[in-house]
Amino acid sequence: MTVSISFQLNGTPTQLEVPDSQLLSEALRQGGSTGTHIGCDTSQCGACVVHVDGQSVKSCTLLTAQVDGKSVTTIEGLANAEDMHPMQQAFKNHHGLQCGFCTPGMVMSAIDLVNHHPDPDEKQIREWLEGNICRCTGYHNIVKAVQHGAQMMKEV
Amino acid sequence: MYDFTYHKPSDLNEAGQLLTNDEAKVVAGGMTLIPTLKQRLAQHSDLVDLSAIAELNGITQTDGVVRIGAMTTHSDVHHSELVRSSIPALADLAGQIGDVQVRNRGTIGGSIANADPAADYPAAVVGLGATVHTNQRDISADDFFTAMFETALGDGEIITAVSFPVPDKAGYAKFANPASRYAIVGVMVAHTQGETRVAVTGAAGSVFRASEMEQALADDFSAEAVRSIAVASDEFNSDIHASAEYRGHLVSVMAARAVMAAG
Ligand SMILES: Cc1cc2nc3c(=O)[nH]c(=O)nc-3n(C[C@H](O)[C@H](O)[C@H](O)COP(=O)(O)OP(=O)(O)OC[C@H]3O[C@@H](n4cnc5c(N)ncnc54)[C@H](O)[C@@H]3O)c2cc1C
Ligand code: FES
Ligand code: FES
């Protein structure tokens, strides 16, 4: 069976006819938004985190049908034109990534954090990134990047 | 995932109608159901999404009772000013579930319907002496959880809300699995209108009340009163995370910490 849905994808009205059982992570990647990564596919690693109506969620654990009428933001929707989003820039500046696989999810979770706590301390950052697993960095530079990214987000 | 037909009814009657088909299943936050479907551990002909039914969402308080709609997310309970001021232990418990993204989707109705032996909310429902409302009846907390992953809900019965009487004092402490955050042991203690309750999750197949601890706390509501009480652990869960004996030990430690958290 298929279902017709319409939603905002990174600000663009989008209509899709999708299988009822399709996952949002699959729809996004098939549509070319391959910045949304699928790591564990079991709701644990956070590589697939996107925002739905401004809240961070794991897109591998959401049906595409469930975002009908909603607004979805992926990592591709953050930057405008050439400039990186301040949080992306902060990850670059602080070497908050090595292989980069976890990074899109980390950035999406970090922005949700800053939207709730504009000046997060280390404890808050580590709590908010509980659902994002990184196998490379050891997290220290990610925490630094998020702290700095939060400050840079105030300047734009 | 096996294929299914997705429905998003806008009222409870329509949802109830769709669920008269016994191959149909409710989906709430999907944080347990979708992973289960992905692993092909379950197959349903139809999924009935409750998210468009407005009356299932939200938190209200009347006459000393906090009522939380079944579709209210863990994040909404955690961040609710109302819950924070009336039952801070419940706001804290909700904030300790999983991670931010799980809390942004997972719901109280889904959590208790699922009755995972390691879930947090069952300890709150039993510990605070809540009432579970469904589209058919009201079920008291003590009758709701019947066994591991089993509840008193009938086929197609929908949880609509959970009512928590505001306690005089309550506290929750859990020893979390560091990977999933599920409770290896979690204990809710509460003193409500002369009644003391101690509910334990994570340790056994289903949440249970530690009656010896309840009696001790009724006489003396202090951490010392429960710390030395050992619960029988022969029937407790035993897995790679913790042996039954260790879980038994944790029950006393978490009970004491919960009493301290209750203040
Ligand atoms: C990575 C991860 C970590 C987690 N950590 C924790 C944790 O630390 N502590 C914890 O307690 N939980 C934890 N969970 C579980 C989480 O809390 C979910 O909220 C919970 O599993 C189910 O809620 P849901 O709304 O997602 O329900 P769903 O997955 O949508 O549904 C679960 C079951 O309940 C039924 N159901 C749902 N709503 C209703 C209703 N209103 N009436 C009748 N039946 C209904 C469904 O049919 C299904 O059988 C974790 C989950 C994940 C993925
Ligand atoms: S791919 Fe979604 S949480 Fe890992
Ligand atoms: S940078 Fe490789 S997983 Fe995080």
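Guide: Start with the ligand. Of the 31 residues around ligand 1, B:Val26, B:Thr32, B:Leu33, B:Thr107 and B:Arg181 come nearest. Keep in mind that this is a predicted model.

Visitor: What makes a residue count as being around ligand 1?
Guide: One of its heavy atoms must lie within 4 Å of the ligand. 31 residues pass that test for ligand 1. As for its place, ligand 1 lies between chains A and B.

Visitor: How do you know that B:Leu33 makes a polar contact with ligand 1?
Guide: Set the distance against the cut-off. A polar contact needs a pair of N or O atoms within 3.5 Å. A polar backbone atom of B:Leu33 is 2.7 Å from an oxygen atom of ligand 1, so the pair qualifies. B:Ala28 also uses a polar backbone atom, 2.7 Å from an oxygen atom of the ligand.

Visitor: And what makes B:Lys174 qualify?
Guide: Here the side chain does the work. An N or O atom in the side chain of B:Lys174 is 3.4 Å from an oxygen atom of ligand 1. The limit is 3.5 Å, so B:Lys174 counts.

Visitor: Turn to the two chains. How many residues are in contact between chain B and chain A?
Guide: 25 residues of chain B are in contact with 25 residues of chain A. The chains bury about 2,200 Å² between them, and 55% of it is on carbon and sulfur atoms. B:Tyr6, B:Lys38 and B:Gln101 supply 27% of the area that chain B buries against chain A, more than any other three residues.

Visitor: Why is the pair A:Asp41 and B:Lys38 called a salt bridge?
Guide: The rule wants a side-chain nitrogen of Lys or Arg within 4 Å of a carboxyl oxygen of Asp or Glu. The N to O distance between the side chains of A:Asp41 and B:Lys38 is 2.7 Å. Side chains of opposite charge can pair when their charged atoms come close. Across the interface of chain B and chain A the rule finds 3 salt bridges. There are also 11 residue pairs in polar contact across the interface, both residues at pLDDT 80 or more.

Visitor: Which elements of chain B supply the side that touches chain A?
Guide: Strand 1 (5–7), helix 2 (33–38), strand 3 (46–49) and helix 6 (100–105) of chain B each supply at least two residues. Helix 6 of chain B gives the largest share, 5 residues. By class, this side of chain B has 12 nonpolar, 6 polar and 7 charged residues.

Visitor: What are the domains of chain A, and how many contacts join them?
Guide: Domain 1 of chain A spans 2–77 and domain 2 spans 86–155. Their C-alpha centres lie 21 Å apart. 18 residues of domain 1 of chain A are in contact with 13 residues of domain 2 of chain A. The two domains bury about 1,200 Å² between them, 59% of it on carbon and sulfur atoms. A:His37, A:His51 and A:Ile75 supply 40% of the area that domain 1 of chain A buries against domain 2, more than any other three residues.

Visitor: What polar links are counted between those domains of chain A?
Guide: The count is 6 residue pairs in polar contact, both residues at pLDDT 80 or more. For salt bridges the count is 0. The side of domain 1 of chain A that touches domain 2 divides into 6 nonpolar, 11 polar and 1 charged.

Visitor: Why is A:Glu122 with A:Arg126 called a salt bridge?
Guide: Their closest N and O atoms are 2.8 Å apart. The cut-off is 4 Å, so the pair passes. Both residues lie in helix 4 (residues 122–128) of chain A, 4 residues apart, about one turn of the helix. Over all chains the count comes to 16 salt bridges.

Note on methods: Residues are numbered from 1 along each chain as its sequence is written. Chains are lettered from A and ligands numbered from 1 in the order in which they are written. This is a predicted model: local features need pLDDT of at least 70, side-chain atom pairs count only at pLDDT 80 or more; totals for chains, interfaces and linings use all residues. Side-chain values use heavy atoms; hydrogens and water are left out. Contact means heavy atoms within 4.5 Å. Buried area is the accessible area (1.4 Å probe) that two parts lose on being put together, summed over both. A polar contact is a pair of N or O atoms within 3.5 Å; within protein, one must be able to donate a hydrogen and the other to accept it, and residues adjacent in sequence count only if both atoms are side-chain atoms. Ala, Val, Leu, Ile, Met, Phe, Trp, Tyr, Cys and Pro count as nonpolar, Asp, Glu, Lys and Arg as charged, and the others, Gly among them, as polar. Domain bounds come from an automatic or database domain assignment.
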